[in-house]
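Visitor: I am new to this structure, and I would like to learn how its features are read, one after another. Could we look at it together?

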Amino acid sequence: MPQQGNPMRELKWLGLSLVLIVVLAATLTFGALQGWFRHAMAPQGDSASFMSAATDYIHLSEPANVAFALVEDGTLVDAYYSTGINEQTLFPVASLSKWFTAFAIMKLVDEGKLNVDVPVSTYLTRWQLPPSKFDNDQVTIRRLLSHTAGLTDGLGFADYSESEPLPTLESSLQNPRASSGNPVAIRVGREPGSAFQYSGGGYLILQLLVEEVTGVSFDVYMQHAVFDPLQMIRSTYRYPGELQNVAQSLTASGEVAPFYRYAAAGA
């Protein structure tokens, strides 16, 4: 008869193998994040070589419009601009707008006008989250800022052509236009505070919060309270088609794309 193996010994070796696989995977992941498998573009501390290598890489990628600045210790060291672009050219920044919305919220917190850990509904009168099976009072400003408020919209806001009327902020919250083209609701779909889940809708709520607390439109507040003090003299929420020296977007086929408008400025 064939000799049977020891089940306990086999389980022991299986467990050891799984541990080794996990350790190896963790090591490789850590190494990738730390840059073990990447090569430096230029010697450390050699700004000129880095700038040269970076611009060579830009040229190889054949972009449409590029503005690239090298900053060291808060000082502008060098800059590169593609044809037709300069240091005053405006670029649409899409979801990077969330950084400035968060900055505005924390400015209001510093001024004692907001508490990040109370229900956001405390401050809202023009719109409220629709009822759900979860406790909407657990949707706080802190959780909206960190995408942990339990909202499951995943927005992605779509754009509007120049000829289309922009909806009101309340209308956008009630019936947002999603980039996916599918119907989306801004509502609580999981336990608030339970996990991170990206929500563009959460930042649209924060946009409304700014307006409710300050009593002025979002764009006006951002201009006077954020952009002007930071001397961001060219930053604006105005429609790009009305402005001069704006970077033109291109379609995937290389054709010039029209300028669009967005109803979700805060996101």
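Guide: Let us begin with a definition: a salt bridge is a side-chain nitrogen of Lys or Arg within 4 Å of a carboxyl oxygen of Asp or Glu. Please keep in mind throughout that this is a predicted model. With that cut-off of 4 Å, the side chains of Arg238 and Glu242 form a salt bridge, at 3.9 Å from N to O. Arg238 is partly exposed, its relative accessible area being 47%.

Visitor: How many salt bridges are counted by this rule?

Guide: The count comes to seven salt bridges. Some of them share partners, and in this way Lys107, Glu111 and Lys113 are joined into one network.

Visitor: Which side chain meets that of Asp117 in a salt bridge?

Guide: The partner of Asp117 is Arg142, with 2.7 Å between N and O. Asp117 lies in the loop between helix 3 and helix 4, while Arg142 lies in helix 4, so the pair ties together parts that are 25 residues apart in sequence. Asp117 counts as partly exposed at 46% relative accessibility, and Arg142 is likewise partly exposed, with a relative accessible area of 45%.

Visitor: And with which residue does Glu164 form a salt bridge?

Guide: Glu164 forms a salt bridge with Arg177, and their closest N and O atoms are 2.9 Å apart. Because Glu164 lies in the loop between helix 4 and helix 5 and Arg177 in the loop between helix 5 and helix 6, this pair ties together parts that are 13 residues apart in sequence. Glu164 counts as partly exposed at 26% relative accessibility, and Arg177 is partly exposed with a relative accessible area of 32%.

Visitor: How far apart are Pro131 and Glu164, in sequence and in space?

Guide: Pro131 and Glu164 are 33 residues apart in sequence, and their C-alpha atoms are 31 Å apart in space. Pro131 is found in the loop between helix 3 and helix 4, and at 70% relative accessibility Pro131 counts as exposed. When its neighbours within four places in sequence are left aside, Pro131 is in contact with Asn136 and Arg187.

Visitor: Now I would like to turn to the aromatic rings. By what is a pair of aromatic rings described?

Guide: A pair of aromatic rings is described by the distance of the centres and the angle of the planes. In this model the count comes to three aromatic pairs. One of the pairs is formed by Phe100 and Phe227, which are edge-to-face, with 6.0 Å from centre to centre and 70° between the planes. Phe100 lies in helix 3 and Phe227 in helix 7, so the pair ties together parts that are 127 residues apart in sequence.

Visitor: Why is the pair of Phe218 and Tyr237 edge-to-face?

Guide: The ring centres of Phe218 and Tyr237 are 5.4 Å apart and their planes stand at 65°, so the pair is edge-to-face; the cut-off behind this reading is an angle over 60 degrees. The pair links distant parts of the chain, since Phe218 is in helix 7 and Tyr237 in the segment after helix 7, 19 residues apart. Phe218 counts as buried at 1% relative accessibility, but Tyr237 is partly exposed, with a relative accessible area of 24%. Ring pairs also link Phe100, Phe218, Phe227 and Tyr237 into a cluster.

Visitor: What tends to happen to nonpolar side chains in soluble globular proteins?

Guide: In soluble globular proteins, nonpolar side chains tend to be buried together. Here the largest nonpolar core has 40 residues, of which Ile141 and Ile205 touch the most other members. Helix 3, helix 4, helix 5, helix 6 and helix 7 each give two or more residues to this core, and the largest share, seven residues, comes from helix 6. Residues up to four places away in sequence not being counted, Ile141 touches several residues, among them Ile105, Val118, Tyr123 and Leu209. There is also a second, separate core of five residues, including Met51, Ile58, Val66 and Tyr80.

Methods. Residues are numbered from 1 along each chain as its sequence is written. This is a predicted model: local features need pLDDT of at least 70, side-chain atom pairs count only at pLDDT 80 or more; totals for chains, interfaces and linings use all residues. Side-chain values use heavy atoms; hydrogens and water are left out. A nonpolar core is a set of buried Ala, Val, Leu, Ile, Met, Phe, Trp, Tyr and Cys residues joined through side-chain atoms within 4.5 Å. Buried means under 20% relative accessible area, exposed over 50%, partly exposed in between (1.4 Å probe, protein chains only). Helices (H or I, at least four residues) and strands (E, at least two) are DSSP runs, numbered from the N terminus. Contact means heavy atoms within 4.5 Å. Rings of Phe, Tyr and Trp (its six-membered ring) pair if their centres lie within 6.5 Å; planes under 30 degrees apart count as stacked, over 60 as edge-to-face and the rest as tilted.
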